[in-house]
Amino acid sequence: MDHTSPAEKILRGALLTLVVLFFIFPIFWIFLMSFQTNETILRIPPSLAFEPTLSNYTALISGRLETQSGTLDIQFMRNLMNSVVLSASAVALALVLGVPAAYAFARFKFRLGENIAFTLLSFRFAPPLLVLLPLSLYFQEIGLADTYFGLVWVYQLIALPMILWIVRGYFEDVSPDIESAYRIAGHSWWRTFTRIAVPLAGPGIAAAGLLAFIFCWNNFVFALILASAAKQPVTVGSLAFVTASGIQYGQIAAAIVLSITPTLLLALYAQRWLVEGLSLGAVKG
Amino acid sequence: MGLSIHDLKKAFGGHTVLDGLSLEVGDGETVVVFGPSGTGKTLLLRLVAGAHEASGGRILVDGRDVTNENPEHRGVGMAFQNFALFPHMSAYDNIASGLSARTKDKAAIDARVQATARLLKIDHVLGHQPRELSNGQKQRTALARALVGEPKVLLLDDPLRNVDAKLRYEMRLELPNLLKRFGSASLYVTQDYREAMALGDRIAVLLDGRIAQLATPAEIYEAPATIAVARLFGDPTINLLDVEPHLNGAGLTVSIANTRVSLPGGYAAAAGRPAVLGLRPEDVVVDDRPQGAVAVPVEVVAVTPLNERAVVLMRTDDGRELFAAEPGEAISGRRHGPAFASFDPARALVFDRADGRRIAPTH
Amino acid sequence: MAAITLDDRPARPRLSRRALPYLLSLPALLACIGILVPFFTAAWYSLERYNLAFPTTRGFVGFANYVDFLSDPAFWNTVTVSLTYTVATVGVELVLGLAIALLLREPTRFNNFVSIMLLLPLMTAPAIASLMWKLMTNPNFGILSYLAGLVGLDDFRWASSPHTAMFTVVLVDTWVYTPFIMILLVAGLRSLPRQPFEAAALDGVPASFVFFRITLPMLTPYIITAVLFRLLDSIQQFDIIYAMTQGGPGDRLMVFQVAAYLEFFQYTNVGRSAALLMILWAITYALSNVFVSQWLKLRERARGEG
């Protein structure tokens with residue numbers, strides 16, 4: 001493949017540049033919009049040259065919005081905090097529950113394990129509403145509706161299968177002889193798990209955690225159904241934001257930027273493991 | 001008694017791999033478990049170590065029944081073929097792991113680790129990570145880890161397999177001294193018969209899930225229990241010739257091509273049953289003229305050097321192949337063509353063709 | 001030197017050894033139960049006439065909900081819309097994703113940079129992606145509306161018009177998910193053995209032959225994996241469509257999960273909502289069975305090379 005003609009190279013480069021433009025443009029444009037006042041935004045024709053302002057961000061962060069009709073309270077920072085709390089807690093819980101289970105699936109061949117694995121995998125592709133709608137009724141009965149606790153448990157539906165499938169592969173990569181050697185040297189099973197297996201599978205566990213965080217953060221429908229305004233993460237919150245009257249477009253853009261920046265940064269950091277995570281380990285990155 | 005194994009069985013699913021092994025290894029003794037790959041030698045070690053659960057039988061370490069115990073309670077040390085060092089710990093910590101489960105006394109641990117490392121000549125690389133060590137150093141570290149706890153039973157799974165040839169011979173000389181020094185009952189697994197004969201006080205030959213023979217190296221070589229055992233020891237492999245023994249006056253005779261071979265007395269039991277004559281290549285002398293009691297006319301077909309010897313491939317008049325091993329100097333003079341293969345019948349081994357067992361001469 | 005003796009800890013009975021894997025996977029088992037209980041509940045609801053606004057009329061009606069669907073034009077609209085959406089998105093994304101993957105085949109610095117850039121839409125929450133495109137297609141200030149006007153498409157109403165709503169959401173879906181297919185196919189392309197291609201180059205085989213007879217067949221397992229993943233996600237798409245139009249204009253974008261959501265929350269008809277979801281589940285179950293067997297095969301292959 002070393003003998004591609006210069007014409008081919010130029011064509012390739014041009015096409016790829018177009019492709020990048022298509023995929024990056026929206027992010028870029030919204031990013032620009034977040035620094036524009038309503039006036040600038042509504043100006044026709046739109047131009048790349050304008051006077052940037054931080055007023056959108058200050059309004060969001062301070063939670064107060066000055067409009068012609070008075071001062072509005074914006075709860076967006078609360079949405080941001082909800083996203084952080086929910087995603088981090090869900091991932092933390094999923095790691096605590098999922099890493100030992102992934103170890104069990106990797107090391108032991110037992111019937112129940114295969115059944116659990118199959119169920120979790122097949123429900124990864126099932127319609128979420130199928131589980132969520134009855135769950136919303138149950139939650140109301142047992143008082144878990146609109147609680148962080150309830151939401152974190154429901155988020156396990158996203159985080160746990162991901163952790164299980166990715167981390168199992170990493171545990172399988174750790175040679176059983178190494179674990180045997182540690183046990184023969186006199187250490188209990190638990191110490192072997194914590195001192196040998198988990199550290200050696202460390203990168204995989206971290207990757208799975210990062211990916212699970214991204215997916216939890218990006219989730220929309222779980223919180224839509226099971227959370228009220230006070231507990232909503234940014235995905236639902238941004239939408240509600242839009243429909244509220246009197247909101248300035250620049251602020252919507254700023255809200256979007258704040259909503260997507262964490263996951264974009266994490267994705268850049270964890271890009272090496274993304275292929276594996278997205279395909280549940282079917283394709284090694 | 002260091003290690004006792006009684007009627008040990010192991011099956012996977014419906015498939016029996018080990019079918020009732022019994023073995024005793026005394027303190028300070030090294031028993032080599034030898035056999036072709038896949039016979040279950042490594043499995044045996046893992047059963048003793050506790051990595052696998054036995055399907056039947058008992059294992060006693062220093063008189064204590066450990067059959068149902070977890071590995072960490074058995075008090076054995078094990079060195080793996082692939083070293084199995086902990087990649088995220090230094091060599092020092094790898095070795096110390098053999099002690100850190102039992103005591104928190106840092107000073108005591110340090111003293112023992114240093115002493116063991118010195119003995120194995122790796123004290124200068126203790127601070128290194130496993131990936132920075134050479135294969136030879138890795139194996140020594142693995143050995144140190146197994147030995148540091150001064151275990152009653154030592155399990156060595158083909159430790160020299162992944163070490164390069166030069167180092168392998170060095171360590172083959174060092175190991176017996178090391179093992180004697182620690183006084184553990186050692187089970188040593190290898191696929192190399194020369195290693196087995198060099199290192200073992202006794203050799204347990206493992207075939208088809210059973211111990212085919214448990215004896216000293218000399219006995220195994222001189223008096224193998226079966227054809228299979230005889231085949232495993234010796235390079236080039238022992239010559240095996242199908243023969244029909246006839247009772248003939250004074251004793252038993254067999255024929256190779258048209259040459260009569262009178263077997264020494266005491267083989268009367270072999271009369272009438274089809275047998276196999278075993279002849280070690282080094283007992284066969286090739287010359288233009290008959291040498292010794294029996295001389296079979298042959299055609300020399302090929303001559304190849306093998307280490308310091310020469311291997312001569314010959315064909316008898318009835319088409320059978322014979323190997324002889326000769327001192328290397330002979331190779332220069334050896335020509336292809338007609339010659340005589342001579343041997344002393346007393347050196348021959350006789351096996352029953354039906355069950356492969358050696359027929360021992362009665363005196 | 002201090003003596004270090006073997007400690008005399010009591011041996012743990014063999015029982016705990018056997019129980020260990022079950023103990024470890026207990027939480028995962030609980031999660032399973034947490035999924036299965038609502039699932040069977042939903043299955044049961046689908047066999048009931050159950051409306052939250054009319055609690056006294058609740059009762060078992062067998063397959064009546066399903067039978068009603070057969071003669072319900074709204075149901076068939078949902079089926080048509082969902083299928084259209086699925087076929088359009090997966091079709092476009094496959095072609096586009098494959099084309100881009102071929103361009104990015106070699107691991108050069110530029111290509112890797114491009115790959116990273118293309119990751120970003122995939123990592124955006126689909127609901128927020130819809131929001132972004134909503135802003136860009138706003139008739140008053142949206143840059144895309146402006147650009148459409150420039151090429152003569154005045155008053156292009158994007159998601160607000162029944163004619164162009166489907167186009168708009170398919171566009172958003174393409175923007176978000178094409179990188180998924182691209183990433184998978186690039187990984188697949190880069191894992192292909194070199195020899196057949198080198199041999200073909202030496203023999204002077206034309207590029208189209210190489211592509212159709214060598215590259216494509218070897219890439220098939222990855223393509224199937226990517227397509228199945230996307231089919232399964234597309235047919236149950238909720239976030240993008242709900243965030244854009246909540247199923248409108250009218251019922252122009254009323255895909256399965258949006259329809260089920262509205263049945264539940266707007267019309268409080270639990271029975272019908274559940275039945276709709278069970279039908280969707282049956283479709284995804286059939287598809288995912290195909291996928292799981294493919295996935296297991298591909299996983300074995302990846303592990304073998306790993």
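The model is predicted: local features need pLDDT of at least 70, side-chain atom pairs count only at pLDDT 80 or more, and totals for chains, interfaces and linings use all residues. Residues are numbered from 1 along each chain as its sequence is written, while chains are lettered from A and ligands numbered from 1 in the order in which they are written.

In chain B, 5 strands make an open, antiparallel sheet in the order 16-20-17-18-19. Strands are DSSP runs of E of at least two residues, and helices are runs of H or I of at least four, numbered from the N terminus; two strands pair if DSSP finds at least two bridges between them. Strand 16 (285-287) and strand 19 (321-327) of chain B each have a single partner strand, so one side of each lacks a neighbour in the sheet. Strand 17 (residues 294-306) and strand 20 (residues 337-343) of chain B run antiparallel and are joined by 7 bridges. B:Val300 has B:Gly337 in strand 20 as its bridge partner.

B:Ile359 lies in the segment after strand 21 (349-352) of chain B. B:Ile359 is buried, with 20 other C-beta atoms within 10 Å; the cut-off for buried is 20 or more such atoms, with C-beta atoms placed from the backbone, against 12 or fewer for exposed and partly exposed in between. B:Ile359 and B:Phe340 are 19 residues apart in sequence and 27 Å apart in space, C-alpha to C-alpha.

| Property of chain C | Value |
|---|---|
| Helices and strands | 13 helices and 2 strands |
| Box of C-alpha atoms along the principal axes | roughly 85 × 70 × 40 Å |
| Buried residues | 42% of the 306 residues |
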